[in-house]
Amino acid sequence: MEKQVNNFEDKLRDNSLKLTGPRQCILNYLACNRDKHLTADDIHRLLLQNDEKVGIATVYRTLALLEKLELINGIYLEDGCVRYQLMDTKEKHEHHHLICEKCNRIIDMQDDLLERLERQVNEKYGFCVKNHKVKLYGICKECGQMKD
Ligand SMILES: [Zn+2]
Ligand SMILES: [Zn+2]
């Protein structure tokens with residue numbers, strides 16, 4: 001964790017930016033919640049719970065900046081709320097997301113499964129895929145088992 005914060009600091013420094021209090025706090029929350037996908041409101045609530053006096057506008061601005069620097073990932077859903085997650089530097093591409101239409105849960109998909117598709121796209125269109133964002137919509141296991 002300590003090491004990771006240093007990496008963030010490097011990345012910010014490369015862009016002539018400082019690791020300010022709010023930036024550090026937000027990155028820490030996302031680092032502690034790697035398996036979750038937090039909205040600006042969620043993060044704002046966490047800040048308030050920890051007595052960090054950061055306005056919601058700063059949270060939005062900070063998240064936008066961190067996303068631009070590719071330190072975090074924004075997942076854009078139809079409800080207009082962006083969910084954020086720390087970027088995993090080990091991942092070649094962003095992981096895919098399974099989105100349950102019943103409970104709105106977002107499940108991280110660890111397998112890529114698209115390498116073949118990318119190869120075929122490259123052969124057929126001469127197009128080199130650098131990244132992809134995949135969202136699969138459906139019903140999660142728990143919701144599928146529920147009988148109403
Ligand atoms: Zn569900
Ligand atoms: Zn995710």
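Author: The site of the zinc ion (ligand 1) is tetrahedral, with angles of 102 to 115° among its four donor atoms. Four donors count as tetrahedral if all angles lie between 85 and 135 degrees, and donors are N, O and S atoms within 2.8 Å of the metal (3.2 Å for Na, K and Ca), with water not among the atoms, so sites may look incomplete. This is a predicted model, where local features need pLDDT of at least 70, side-chain atom pairs count only at pLDDT 80 or more, and totals for chains, interfaces and linings use all residues. Residues are numbered from 1 along each chain as its sequence is written, chains are lettered from A and ligands numbered from 1 in the order in which they are written, and side-chain values use heavy atoms, leaving out hydrogens and water.

Reader: OK, which residues coordinate the zinc ion (ligand 1)?
Author: Cys100, Cys103, Cys140 and Cys143, each through SG, at 2.2 to 2.4 Å. Their spacing along the chain is C-x2-C-x36-C-x2-C. Cys103 sits in the loop between strand 3 (96-100) and strand 4 (106-109) and Cys143 in helix 6 (residues 141-145), so this pair ties together parts 40 residues apart in sequence. Helices (H or I, at least four residues) and strands (E, at least two) are DSSP runs, numbered from the N terminus.

Reader: And Cys143, buried or exposed?
Author: Buried, at 6% relative accessibility. Cys103 is partly exposed, with a relative accessible area of 35%. Buried means under 20% relative accessible area, exposed over 50%, partly exposed in between (1.4 Å probe, protein chains only).

Reader: Switching topic, how many helices and strands does the protein have?
Author: Six helices and five strands, in the order α-α-α-α-β-β-β-β-α-β-α along the sequence.

Reader: What does the C-alpha trace span?
Author: About 50 × 50 × 25 Å along its principal axes. Of the 148 residues, 37% count as buried.

Note on methods: Tetrahedral: all angles 85-135°; square planar, octahedral: opposite > 155°, others 65-115°.
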